[in-house]
Amino acid sequence: MAMAMAIPSLLAALLAGCVLLAVPAPQCAVTATDHVVGGSLWTIPTSSDHYSNWAGNRTIFAGDNLVFRFDAGMYDVVQVGQWEYNRCSWEDPYSDTLKSSPAVFHLDFADAKYYVCTIGNYCSLGVKIYVQVQQA
C-alpha cells in the first residue's frame, strides 16, 4: 500500500519538474560597473593626456557609474557640456558641483559626458575628463 501511494507522489514531482523546465529562466540582471576616474585620485595629472588616455582605454556603458575620488576642499567635480569643457568653464553646468568624495555620477544613457574641476585653475591644469558612454 505504501508503494502504491509513493508512485502518484513521485509522478506529481516529476511532472512539476517538467513544467519548471519548460518555463524559460529569467534573464540575470546586469550589474553596473564602477569606474574610478583616472584609476585612483581626481587630481592634477602628471601628464596632460592622463585622463584622456584613461578614458580611451576602457569601455563605459550606460548603467555604469563614474566615481571621482579626491581630497574634499582641494578638488570638486561638475558635469558640463562640451563648450564648457573645452573652455574650462562651468557657467551652465549639467549637474550640481559635487564637493565630497567619492562623487558618483550614474550614467543613464549613451552619450558624450564632460566633467571639470571648478577649483582655481585646476581644469586648465588637466583636471577634466571626457568619456564616451556606449549603449549597453
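Tutor: Cys88 is found in the loop between α3 and β5; the structure is a predicted model. Although Cys88 is not a glycine, its phi is positive, at about 50 degrees. Most residues other than glycine have a negative phi, and most peptide bonds are trans. Pro102 is also placed in the loop between α3 (82-87) and β5 (103-106), and the peptide bond that joins Ser101 to Pro102 is cis, with omega about 0 degrees.

Cys88 forms a disulfide with Cys123, the two sulfur atoms being 2.2 Å apart. This link is left-handed, with -80 degrees about the S-S bond. It connects distant parts of the chain, since Cys88 is in the loop between α3 and β5 while Cys123 is in the loop between β6 (111-116) and β7, 35 residues apart. Both cysteines are buried. The count of disulfides comes to 1.

Tyr122 and Tyr75 form an aromatic pair, 5.0 Å centre to centre and tilted, with 40 degrees between the planes. Because Tyr75 lies in the loop between β3 and β4 and Tyr122 in the loop between β6 and β7, this pair ties together parts 47 residues apart in sequence. Tyr75 counts as buried because its relative accessibility is 9%, and Tyr122 counts as buried at 18%.

Next comes the packing. The largest nonpolar core has 22 residues, and Trp42, Leu66, Phe68, Tyr115, Ile129 and Val131 have the most contacts inside it. The elements that give two or more residues to this core are α2 (50-56), β3 (65-68), β5 and β7 (128-134). Cys123 belongs to a second, separate core of 7 residues, which also includes Val80, Tyr85 and Tyr114. Over the ring of Tyr85 sits the charged end of Lys128, 4.5 Å from the ring centre. Lys113 lies over the face of Phe109, 3.8 Å from the ring centre. Ring pairs also link Trp42, Tyr51, Phe68, Phe105 and Tyr115 into a cluster.

The strands around these loops can now be placed. An open sheet of 4 strands has the order β2-β7-β6-β4, with mixed pairing. Its edge strands are β2 (60-61) and β4 (78-80), each pairing on one side only. β4 and β6 run antiparallel and are joined by 3 bridges; Gln79 has Tyr115 in β6 as its bridge partner.

β5, the strand at the other end of the loop with Cys88, runs antiparallel to β3 and is joined to it by 4 bridges. Val67 has Val104 in β5 as its bridge partner. β3 is also joined by 3 bridges to β1 (residues 34-36), and these two run parallel. There, Val36 stands opposite Val67. In a regular strand the side chains alternate between the two faces of the sheet. In β3, Asn65 and Val67 point one way, Leu66 and Phe68 the other, and all are buried.

Note on methods:
Residues are numbered from 1 along each chain as its sequence is written. This is a predicted model: local features need pLDDT of at least 70, side-chain atom pairs count only at pLDDT 80 or more; totals for chains, interfaces and linings use all residues. Side-chain values use heavy atoms; hydrogens and water are left out. A nonpolar core is a set of buried Ala, Val, Leu, Ile, Met, Phe, Trp, Tyr and Cys residues joined through side-chain atoms within 4.5 Å. Buried means under 20% relative accessible area, exposed over 50%, partly exposed in between (1.4 Å probe, protein chains only). A disulfide is a pair of cysteine sulfur atoms within 2.5 Å. Two strands pair if DSSP finds at least two bridges between them. Rings of Phe, Tyr and Trp (its six-membered ring) pair if their centres lie within 6.5 Å; planes under 30 degrees apart count as stacked, over 60 as edge-to-face and the rest as tilted. A charge sits over a ring if NZ of Lys or CZ of Arg is within 6 Å of the ring centre and within 35 degrees of the ring normal.
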